[in-house]
Amino acid sequence: MSDRTILIVDDDEGVSESLRSALIDEGYTVRVVGDGKTALSLLRQWEPDLVLLDIWLPDIDGISVLEKIRQEERPIQVVVMSGHGTVESAVKATKLGAFDFLEKPISLEKLLVTIHNIYAMQVLRQENIELRKRVGDAAELIGESRAIADLLEQVRKAAPTNSGVMITGENGTGKELVARKIHDWSLRQSEPFVEVNCAAIPEELIESELFGYERGAFTGATARKKGKFELAHGGTLFLDEIGDMSLRTQAKILRVLQEQQFQRIGGAETVKINVRIVAATNKDLSQEIERGHFREDLFYRLNVIPLYVPPLRERAEDIPLLVTHFLGQIAAQNGRKLKPIDLIVISRLQAYYWPGNVRELKNIVERMFILSTGETITESDLPPLFHDPKESGGSLSGTDELFRKPNLKGAKGDFERVYITKKLEEFGGNITKTAEAIGIERSHLHRKIKNYEIPS
Ligand SMILES: Nc1ncnc2c1ncn2[C@@H]1O[C@H](COP(=O)(O)OP(=O)(O)OP(=O)(O)O)[C@@H](O)[C@H]1O
Ligand SMILES: [Mg+2]
């Protein structure tokens, strides 16, 4: 138990002495004063958690001492005691925020229960505050690397403008977090942030998702429905995985951006909108443009402010902070105690290649926290991939073969192919489980399997 401090304010030495020794026996740190003025000056220097306050004091009365305590910035709990307990002063004291009112002669048993309750409540309140902090932190962009500092600086500059923002970066690097930050730091922060995952919505539904429809526009349209553009009015529309949007939809979006207005499906009414667009993709859009998969004019309109989120392997110095952050989050979510993590584990994590970036790190930290049996997370809690260095390279014997690749892209491709093949084996070919374990989305894993021609 940390030091729990109680100040007794009573001019009756008999009373204060018996309370003092009883509370000391219970492990509290106790001080006694006999008048109001001394009590108030001691409060500042000593900062007790709790004051046991007699209503009748020789100098100023207890109620005005209580009022002064309430004006302190720090919350101090007060229990009022009185030998002349009237309902009136009890009511007054509780109105002024006293935790409880005890009549003299004080029942020690009752007093101890009251004090116990006060501390129990404080612990709860503290836990609540921390929990809320952590939940709020879910959207916190963690990192102290140069790369993250630069990125945040750019985000800060871009946020208050209305310009289109294009966020690029590998899977799981934190593109969505960046998009939310842009909104949160913009003048639109109290307006809606609406997300559209262009890869997840089937082509035949995307138009009605984006623009909404009028009643009777098609079979099943029994009522008017607002689309994402309309829902985002005044705020930010986040077009995620924009590289996966069809050319047809791209044309429609472009028109809306140019005209700042559109019509719902099956409607004649023109809906005017004021929406800031933030888009994200893990594709190389200039390549997609060359291939004729992405409209150049739309690209230029969205790419006014380009933001690049670097992969985790290029900012390994962020890993300790991220690990601590995720451990705290996971412990809080599961109502479990924080577990310390061995330094060697951190360095092993820092040496890894992280194809699934921060999402993969988060998954691995969560897995280690849940599965570890000891008091500390140790090297043996690392997933199998980390156990045998040769294993991680699969059929690539060590890294030599990788180094013979003419360029980074080739080496990366080789690594990914071997890594994904191994992981698929590990999970018996189950795409959902494999995708989850390596921290990428299913659709993305499917694409990689196809691209690398991995037999499945
Ligand atoms: N810097 C960071 N600090 C804290 N959490 C992060 C950070 N970067 C990413 N994360 C977490 O990692 C996960 C993946 O991030 P996010 O969804 O933003 O990535 P993404 O780039 O949009 O990925 P994808 O391309 O796969 O959609 C999320 O749970 C996110 O909260
Ligand atoms: Mg994303």
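1. Let's start with strand E4, residues 77-82, which is mostly covered: six of its six residues are buried. Gln-77, Val-79 and Met-81 point one way from the strand, Val-78, Val-80 and Ser-82 point the other way, and all are buried. Keep in mind throughout that this is a predicted model.

2. Next, the neighbours of E4. On one count, E4 pairs with strand E3 (residues 50-54) in the parallel sense, over five bridges. To get from E3 to E4 the chain passes through helix H3 (residues 62-71), and this β-α-β crossover is right-handed. If you want a residue pair to look at in the viewer, take Asp-54, whose bridge partner in E4 is Met-81.

3. E4 also pairs with strand E5 (residues 100-103), again in the parallel sense. Four bridges make up that pairing. Here the pair to click on is Ser-82 with its bridge partner in E5, Glu-103. Recall that Met-81 and Ser-82 point opposite ways from E4.

4. The peptide bond from Lys-104 to Pro-105 is cis, and its omega is near -5 degrees. Pro-105 sits in the loop between E5 and helix H5 (108-137).

5. How much space lies in the largest pocket? About 1,000 Å³. The lining comprises 29 residues, and Asn-282, Lys-283, Asp-284, Lys-409 and Lys-448 are the closest to the pocket centre. By class, the lining divides into 13 charged, 12 polar and four nonpolar residues.

6. Where does that lining come from? Helix H11 (285-290), helix H18 (408-426) and helix H20 (442-451) each supply at least two residues. H20 has the largest share, with six residues. In terms of domains, the lining of this pocket draws at least three residues from each of domain 2 (146-308) and domain 3 (313-451).

7. The second largest pocket has a volume of about 730 Å³. It is lined by 35 residues, and those nearest its centre are Gly-172, Gly-174, Lys-175, Leu-177 and Arg-359.

8. Several elements contribute to the second largest pocket. Helix H7 (175-184), helix H13 (319-333), helix H15 (357-371) and H20 each supply at least two lining residues, and so do strands E7 (193-197) and E10 (236-240). H20 is also on the list of contributors to the largest pocket.

9. What about enclosed space? There is one cavity of 30 Å³ or more, and the largest cavity has a volume of about 60 Å³. Pro-355, Gly-356, Glu-416, Tyr-419, Ile-420, Ile-438, Ile-440 and Lys-448 line it. H18 gives the most to this lining, with three residues. By class there are five nonpolar, one polar and two charged residues.

10. Two non-glycine residues have positive phi. Gln-260, with phi near 55 degrees, is in the loop between helix H10 (247-259) and strand E11 (261-263). Trp-354 has a phi of about 50 degrees and lies in the loop between helix H14 (343-350) and H15.

11. Are those two residues buried or exposed? Gln-260 counts as partly exposed because its relative accessibility is 36%, which falls between the 20% and 50% limits. Trp-354 is at 0% relative accessibility and therefore counts as buried.

12. Last, Leu-237. This residue is found in strand E10, one of the elements that supply the lining of the second largest pocket. Leu-237 is buried, because its relative accessible area is 0%, against a cut-off of under 20%. As a distance check on your copy of the model, Leu-237 and Gly-429 are 192 residues apart in sequence, and their C-alpha atoms are 36 Å apart in space.

Notes:
Residues are numbered from 1 along each chain as its sequence is written. Chains are lettered from A and ligands numbered from 1 in the order in which they are written. This is a predicted model: local features need pLDDT of at least 70, side-chain atom pairs count only at pLDDT 80 or more; totals for chains, interfaces and linings use all residues. Side-chain values use heavy atoms; hydrogens and water are left out. On a 1 Å grid over the protein atoms alone, a cavity is a set of points where a 1.4 Å probe fits but cannot get out, and a pocket is an open set with protein on both sides within 12 Å along at least five of seven lines; lining residues have an atom within 4 Å of a point. Grid points are joined across faces, edges and corners, and a volume is the space filled by probe spheres set on the points. Ala, Val, Leu, Ile, Met, Phe, Trp, Tyr, Cys and Pro count as nonpolar, Asp, Glu, Lys and Arg as charged, and the others, Gly among them, as polar. Domain bounds come from an automatic or database domain assignment. Buried means under 20% relative accessible area, exposed over 50%, partly exposed in between (1.4 Å probe, protein chains only). Two strands pair if DSSP finds at least two bridges between them. A crossover is right-handed if, with the strands pointing away from the viewer, the path from the first strand over the helix to the second runs clockwise.
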